[in-house]
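Hi,

Here is the structure I said I would pass on.

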Amino acid sequence: MSKYFMGLDGSTQSLTATIIDFETKKTVYEKSINFEETLGAKYAVKSGTLENRNPLVVHSSPKMWLESVDILFSKMRDEGAPLSKVLAISGSGQQHGSVYLTEKFPPYLSSIKDKNSLTYSADEIFSRKTSPIWMDSSTEEECEEIRKALGGMKNVLKLTGSDVFARFTAPQIRKFFKEDKEGYERTFRIHLVSSFLASVISGIDCPIDTGDGAGMSLMDIEKLSWDEKALNATAPNLKSKLPHVVKSDTCIGNVNAYFVEKYGMNEKAKVIVFSGDNPNSLIGVGLIGEGQAAYSLGTSDVFMSVMQKLRVNENGEGHIFGSPTGDYMTLLVYKNGSLAREKVRDTYKLDWKTFTDCLINTKPGNDGGLMLPYFYPEIIPVITNPNVMRFNLDEKDAAKNVRGVIEAQMLSSKIHSDWMGVKTNVIYATGGASKDKEIRRVMANVHNASVCSFESTSSASLGAAIRALHGYYKSENKEISWNVAIEGFIKIDEKNKVIPDTEAVKIYNEMAQKYKECENMFLSGKL
Ligand code: XUL
């Protein structure tokens with residue numbers, strides 16, 4: 001008998017569903033819709049975001065997210081996806097993004113089952129029409145105010161596991177409170193993208209899990225609960241507007257009748273609390289113990305690993321979030337991931353095939369050419385005035401600029417991941433760009449580690465489906481270990497494993513030093 005579980009991933013640019021079968025250990029169905037392609041014109045959304053005159057402000061449309069859920073489920077129903085057999089569903093959301101809802105939200109959730117679309121009466125449920133997302137860099141002032149109120153960066157790190165970053169939810173909430181007091185007052189509930197989607201799927205005003213909650217600058221990373229000081233430093237009466245925090249394997253109820261009646265979901269399907277895309281990806285690439293690292297090359301590039309004992313990054317660049325296994329996860333997040341690669345691809349009128357050819361036709365070390373790839377504001381290091389810097393690198397040379405951007409991304413993650421103290425012999429690469437073997441080759445040589453990739457690159461929705469199955473058995477009092485939960489689902493593409501090349505490793509060891517110097521010069525304003 002089949003045992004189906006579903007994962008749903010609301011990422012920056014798309015919504016994806018993955019259905020797995022625990023019996024056969026197979027992904028039986030997968031579907032993704034791209035926001036720009038399906039709803040871009042209607043909501044004025046490009047690459048998943050709304051245009052803004054200020055490049056530091058990056059918001060998206062929560063109403064578009066609602067409509068995308070209907071579109072995805074309609075497609076699944078029409079294609080005969082086995083929705084009626086799904087035993088449990090969990091999900092993933094781009095982290096940090098926040099959704100601001102009025103008191104009409106709970107009645108909306110309970111009455112939507114009688115309506116014919118999720119966007120029915122949706123205009124009245126939002127107290128803020130747009131949602132700031134993780135790409136927003138406009139809250140440096142609020143970060144400083146919160147940091148100061150909590151006694152400086154070291155204290156914030158100790159308390160929350162990360163410094164306060166512009167994209168984290170607390171400074172975003174504070175900015176909203178300062179700019180629109182009336183809108184803040186009218187806000188009954190503030191959800192993350194993950195808990196907002198979970199609320200819609202379950203019809204219950206859902207909690208936030210400890211993985212995604214850790215990216216808000218509001219949660220005590222050891223006690224795994226909201227911290228009063230952090231709440232007070234952010235905005236008045238905030239606690240009453242937040243959902244409560246629960247462990248990542250909590251079952252929150254059954255699927256909303258709306259999805260049963262309209263799309264034929266199994267009415268007994270359980271909903272396991274949703275989490276952030278990175279905690280989900282961690283499971284989706286099989287990182288359930290210490291000593292391995294994963295590199296997700298998506299809209300953001302994220303270098304992550306598991307940590308059993310809490311250790312924070314003294315200089316405040318990295319983050320600690322809760323891992324779905326109950327451990328911690330460490331991560332470095334770069335804004336100049338896919339968007340920077342796409343910028344280079346488009347500038348030189350390439351496609352992904354000719355982009356790869358450029359890597360094949362150039363040498364490790366780029367003949368001494370080096371790039372600082374700040375096409376957009378950056379998180380590591382914090383850059384609010386982006387500028388692409390080239391050293392010994394001719395701007396007109398397409399091939400060398402392709403190698404320049406990839407080498408820069410890999411060198412930066414090598415330099416800035418030292419503090420994690422993880423000896424990375426193997427890196428698990430995922431996300432769209434990990435399909436490119438030449439990019440993986442640069443990764444292997446810069447990090448001096450073998451790089452494995454996977455048959456599926458949708459690690460966040462796969463991870464969410466695995467979390468659904470793990471949470472389901474726990475809720476049935478038949479708990480299974482994480483080893484059993486992931487076994488058979490994480491299919492490594494053995495043929496395409498990349499082993500580091502000794503000569504190239506030497507070149508990159510020297511180049512890392514040079515990269516660090518250039519970065520320091522840029523940061524100290526000497527360039
Ligand atoms: C994590 C982060 C991004 C988003 C979007 O801190 O900002 O990785 O989760 O993917």
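Below is what turned up in the backbone and the cysteines.

First, the ground rules. This is a predicted model, where local features need pLDDT of at least 70, side-chain atom pairs count only at pLDDT 80 or more, and totals for chains, interfaces and linings use all residues. Residues are numbered from 1 along each chain as its sequence is written, and side-chain values use heavy atoms, with hydrogens and water left out.

Now the backbone. Most peptide bonds are trans, and most residues other than glycine have a negative phi. The bond from isoleucine 380 to proline 381 is cis, with omega near -10 degrees. Proline 381 sits in the loop between β22 (370-373) and β23 (388-391); strands here are DSSP runs of E, at least two residues, and helices are runs of H or I, at least four, numbered from the N terminus.

Two serines have positive phi. Serine 47 has phi near 50 degrees and lies in the loop between β4 (45-46) and β5 (49-50). For serine 217, phi is near 65 degrees, and its place is the loop between α9 (210-213) and β12 (219-220).

Serine 217 counts as buried because its relative accessibility is 2%, while serine 47, at 27%, is partly exposed (buried is under 20% relative accessible area, exposed over 50%, partly exposed in between; 1.4 Å probe, protein chains only).

As for cysteines, the disulfide count is zero, a disulfide being a pair of cysteine sulfur atoms within 2.5 Å. Cysteine 143 is buried at 0% relative accessibility, and cysteine 452 is buried at 4%.

Cheers
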